[in-house]
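Hello,

Here is the structure I promised to pass on.

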Amino acid sequence: MTKSLEFADLLRLIDERSTAFRAVVAAAPGLDAQVPTCPGWTLFDLVKHLGGGDRFWAAIVGAGPADAPPAEAVAARAALEVPQEREALLAWLDASTQLLLDALRTAGPESGCWTWWPASQSPQTAGGTARHRVQETAVHTYDAQLAGGAPQPLPIELALDGVEEFLFTVCATPSAWPHKPTAFDFHAAEGHSWRLTVDGDGARTTRIPATGEESAAAGASVRGTASELVLYLYDRIQADSLHVDGDAGLLDLLRAWEPEEK
């Protein structure tokens, strides 16, 4: 069975993926290259988004437990201005990532902070924030690679954790599923699997096989590499890039679902 990555590994992966992201931007013909998976965005926009996010979450982690993000951080993100020249822009992104990493190290994994996922299965802590930022950085690195014409699979250890992180953070909710109760199984080719159960009590994810669930058939099962599963969950690739068993229409219902409370 898979297990969550250690805090030190999460920090390492944030740094590694940010470094990979900057390498792609440094080698690109220009900052005006279009990003196919982020319609209307250029590489410049993507750098600004990732670096601005790093600074935003650094401020949130540094503020500690709260019911909302710091007003100053919200205002700074809304008024964000970044260098226009490539070398200076990449230096700014590197500094942004280091601000985030410094804030996370100072806080430690168990330190509480505001997050947008209070009702999910993920903790409102610096550790939970680090786990999510790994995936944000990794997926945007893929976006940048795609803009450059050479997309690469997500690293295996990162992707395996990413499937669970997405299901725990983005999908989990106490809001009632508005359709017939069912389950979705996600099987990574690397040997790990998860079940997302949806019913009147909301949505929750377990690692499988789990007691009492081995014999229960899922409404839909999705199989692929861990990287493919993460990219599918983040809407970077479509279901036809994966192997789907069961009722594929259920996946459309899941993607269209907008719970009242996350």
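**Pockets and a helix pair**

Lining the second largest pocket are 15 residues, with L10, P123, G127, G128 and R131 nearest its centre. A pocket here is an open set of points on a 1 Å grid over the protein atoms alone, where a 1.4 Å probe fits, with protein on both sides within 12 Å along at least five of seven lines; lining residues have an atom within 4 Å of a point. The model is predicted, so to speak with pLDDT limits: local features need at least 70, side-chain atom pairs 80 or more, while totals for chains, interfaces and linings use all residues. Numbering starts from 1 along each chain as its sequence is written, and side-chain values use heavy atoms, without hydrogens or water.That second largest pocket holds about 240 Å³ of space, a volume being the space filled by probe spheres set on grid points joined across faces, edges and corners. α5 (126–147) gives the most to its lining, with three residues. Helices are DSSP runs (H or I, at least four residues), numbered from the N terminus.

The largest pocket has about 300 Å³ and 13 lining residues, including F166 and L254. α6 (156–171), α7 (226–233) and α8 (249–256) each give two or more residues to that lining. By class, the lining has ten nonpolar, no polar and three charged residues (nonpolar: Ala, Val, Leu, Ile, Met, Phe, Trp, Tyr, Cys and Pro; charged: Asp, Glu, Lys and Arg; polar: the others, Gly among them).

Lastly, the axes of α1 and α4 (residues 86–107) come within 10 Å and cross at roughly 175° (lines fitted to C-alpha atoms over the stretch in contact, with angles from 0 to 180 degrees between N-to-C directions). That makes the two helices roughly antiparallel (over 145 degrees).

Best wishes

Conventions:
Angles under 35 degrees count as roughly parallel, over 145 as roughly antiparallel, 65 to 115 as roughly perpendicular and the rest as oblique.
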